[in-house]
Amino acid sequence: MTTVVERSRVLSALDRVRDPELDEPITTLGFVASCHVSAAGDVAVRLRLPTYFCAANFAFLMVADAYDVLAALPEIRSVDVVLEDHFAGAQINAGVAARAGFVASFDGEAAAELDELRRTFVTKAMLAGTDQVCRPLIASGTDPASLAALTLGDVPESPELDRLRRRRTELGLPVDDTSPLLIDPATGGPVEAAGAPKYLGFARLTRTGIEANTGICRGMLSHRYPEEEQG
């Protein structure tokens, strides 16, 4: 395998790493500053974020996830992932390289690992995805109560529906065609018709919040690194 192919596989793997808050790949967000792959299969990736003070827990998740997806590639000999220009970069980089976990990396500062935080943001991504799937249905005249009666199999296939299925899978929620379209992420139970308007309103608010934050982060990253190509 040539270096060019290896680099393409590295970038493809990094496509699977998402900003937990924005639910977008770090590659399309422009968070990958550089990616070098040697002929022997040594990978060096440099990450950068929109601000110097981006939350340390979010940053840790992205650096750790980047390391994990690259280390899983069988043809890669070694992995070096470094977060640059960040207030907690030294702790994050050392902790990820040592596979120490978040608590050990921030000894005396962190009380728990980040599994619950990750689930919280995947839940928000699922709700936002539900709104993305439902908006065209509502625009075509389907009312909220009728949406509560639909299953995933009743909805036309689309990239948005595929994404929604993936987020529900991450949460351990049902994704087969007989599963309700509107589902409570906490219980896995269906949303009743009477509660559909409130549920859909919250889903829409969640989506707009994520999209607004994504726009802000893109703008700040572009301002911070104005002479570099983003994404």
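Helices here are DSSP runs of H or I with at least four residues, numbered from the N terminus. With that settled, a word on the source: this is a predicted model.

I'll start with Arg 165. Its place is in helix 8, which covers residues 159–170. Is Arg 165 buried or exposed? Its relative accessible area is 16%, and buried means under 20%, so Arg 165 counts as buried. What does its side chain reach? The side chain of Arg 165 comes to the backbone oxygen of Val 175, at 2.4 Å. Leaving aside residues up to four places away in sequence, Arg 165 touches Leu 152, Glu 157, Val 175, Asp 176 and Asp 177.

Three strands form an open sheet in the order 3-4-5, and the pairing is mixed. Strand 3, residues 32–37, and strand 5, residues 78–83, are at the edges; each has a single partner strand, so one side of each has no neighbour in the sheet. On average, neighbouring strands of this sheet are turned by 10 degrees against each other, direction ignored.

How is strand 3 joined to strand 4? Five bridges link the two, and they run antiparallel, with strand 4 taking up residues 42–47. If you want to find this pairing on the model, look for Ser 34, which stands opposite Arg 46 in strand 4.

Now for what lies across the sheet. Helix 3, residues 56–71, lies across strand 4 and strand 5, and runs at about 165 degrees to strand 5.

Helix 4 also belongs in this part of the picture. Its buried residues are Gly 89, Ile 92, Asn 93, Gly 95 and Val 96. What do they pack against? The partners of these buried residues are helix 3, strand 5 and helix 5. As background, an α-helix has 3.6 residues a turn, so residues three or four places apart point the same way.

Just after helix 4 comes Arg 99, with a positive phi of about 55 degrees. Arg 99 sits in the loop between helix 4, residues 89–97, and helix 5, residues 101–105. Arg 99 is partly exposed, at a relative accessible area of 40%.

Last, Asp 23. This residue is in the loop between strand 1, residues 18–19, and strand 2, residues 24–25. Phi of Asp 23 is near 55 degrees, a positive value in a residue other than glycine. Is Asp 23 buried or exposed? With 6% relative accessibility, Asp 23 counts as buried.

Conventions
Residues numbered from 1 in each chain as written. Predicted model: local features only at pLDDT ≥ 70, side-chain atom pairs only at ≥ 80, totals over all residues. Heavy atoms only, no water. Pairing = 2+ DSSP bridges. Axes fitted to C-alpha atoms, helices over the stretch in contact; angles between N-to-C directions. Contact = heavy atoms within 4.5 Å. Buried < 20%, exposed > 50% of the residue type's maximum accessible area, 1.4 Å probe, protein only. Polar contact = N/O pair within 3.5 Å; in protein donor to acceptor, adjacent residues only side chain to side chain.
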